[in-house]
Structures are given as structure tokens and as C-alpha cells.
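I opened my notebook to jot down what I looked up in this structure.

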Amino acid sequence: MESWHQDKQLVMQSVEQLQEQQKQILERLSQTEKQLAEQKTANMQQHAAYASQKEQITQLKKSLRSLQSTTAKLNESRKLTKKNLDKKIEKIAQAIKPAEPVEPSGGGGEEEKDHYTAAYLALKSGRYEEAINNFRNLLKAHPNSAYSDQAYYWLAESYLAQNNTPRAIGNFEWMVSHYPESTKHAVAMLRLGTAYQSQGRINEARDVLQRLIKTHGDSPSAEEARVLLQSISEAQ
């Protein structure tokens, strides 16, 4: 009996140990399953975040391609607009053909007339440097000549023929500001506007063309100014 009791005690102890080990194993299994579930959830969230970021990257690439396409179209449109504007301006410039010299209403001496005629004939023959010198000599020798307004206008045209636009602008400005009653006043304003535009002085071009329309509204030059103003606005 005593031996049996000892064996029973050992068996009970073994059972308790086995139960404790089972309990520990179950706890570790539960903990492992919990960690596995958490890891699975984290993996799913990570996968979802990755998928979302991948979708965002795809959309951004599409937007970038769209923007690049739009930019290319805008640049092409801008080039076409500038090209069309340059053509219109060139057409306007060609349409403004130099008129024959006008006999001044105020008369003037024979010497003044000879200087003026010689200068104009030099311009008409393409001898621009000679024309410039003759017009300048006339204005220097006879600053209050009846031919002064015409001389300043054709002096500016002579400089334009030499592609010296800044000097042409200076003479057009002087003529426009000092001879408002001249028969060349309207066309001088138009030529000044086109010269400003060719130099990129858009605000000044717009201002003088608007003044031309206001002061010489019924003139052919005003009609040309309206077309040029519209072309400038379309290019902005």
C-alpha cells in the first residue's frame, strides 16, 4: 500500500507537470497565433498602402504626360500665333508704301526745296546714307523750314531702310510730337507703332496706335492700326 501511494503521488505530480506544460504550450500557441494574426493584418495594410501608392504613382504619371502634352500644344500654338502676328505686321508694313513728297503749303525758299528734293530722290534711289545726310543738313540749315515735318518723316524712313530702328523711332517720335497738323502725322504714328512693336515695346506700340485711332479715326492709317492692335492682343 505504501508503495502504491508513492507511485500514485509520482503519477499525480507527472500529470500536474504535463498539465502545466500543456498550459504553457497553449499560451505560447495562443500568443503565436495572435502575433501571426497581427502580422497578417500588418501585411495586408502594407499591401494596401503599397497598392495605393502604386495607383497614385500611375495617376501622377498620367497627369505628367497630360501636362507635357498640353505644354507642347501651348508652345506650338504660341509659335503659330507669333508667326501669324509677324506675318500680319509684315503685311501692314508692306501696305504702308512711302508717298510721293508733298509740296508744303507754307511755301519755302528755293534752297530749302532743292535740299528736300535732293534728299528725297536719294532715298527713292536707295542711296540711304546720302538721303540721311541731306535730310539732316536741311533740318540743320533750316530748322523752321516748311519742309521740316516731311524731312523728319523721310529721315526716319531712311533709318528704317538701313535697319536702324532706334534712330528711326527717335525721328518718328519728334515728328509726331512736334507736327500734329502735318499730312504725314497719321502714317508717322502708324510707322512709330510698328517700330515699337518690332523692338518688343508692346505697351508703347499699343499707346501710340490707340492715339492714332483717336486723333485720325477715319484715316487709312487708323484702319491699319486697328488690325495691328487686334493682332497684338491675340498674341498676349
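I started with a rule: rings of Phe, Tyr and Trp (its six-membered ring) pair if their centres lie within 6.5 Å, with planes under 30 degrees apart counted as stacked, over 60 as edge-to-face and the rest as tilted. The model is predicted, so I noted that local features need pLDDT of at least 70, side-chain atom pairs count only at pLDDT 80 or more, and totals for chains, interfaces and linings use all residues. Residues are numbered from 1 along each chain as its sequence is written, and side-chain values use heavy atoms, with hydrogens and water left out.

**Rings.** I got 7 aromatic pairs by that rule. In one of them, Tyr116 and Tyr147 have ring centres 4.8 Å apart and planes at 35 degrees, so I logged the pair as tilted. Both Tyr116 and Tyr147 are buried (under 20% relative accessible area; exposed is over 50%, partly exposed in between, with a 1.4 Å probe and protein chains only).

Next I looked up Tyr120 and Trp154: centres 5.1 Å apart, planes at 75 degrees, so edge-to-face. Tyr120 sits in helix H2 and Trp154 in helix H4, 34 residues apart (helices are DSSP runs of H or I, at least four residues, numbered from the N terminus). Tyr120 is buried at 6% relative accessible area, and Trp154 is buried at 1%. I also found Tyr120, Tyr153, Trp154 and Phe172 linked into a cluster by ring pairs.

**Helices.** H3 (residues 128–141) packs with H4 (residues 148–161) at about 155 degrees, axes 9 Å apart (axes are lines fitted to C-alpha atoms over the stretch in contact, and angles run from 0 to 180 degrees between N-to-C directions).

Definitions and conventions. Helix = DSSP H or I, 4+ residues; strand = E, 2+ residues; numbered from the N terminus.
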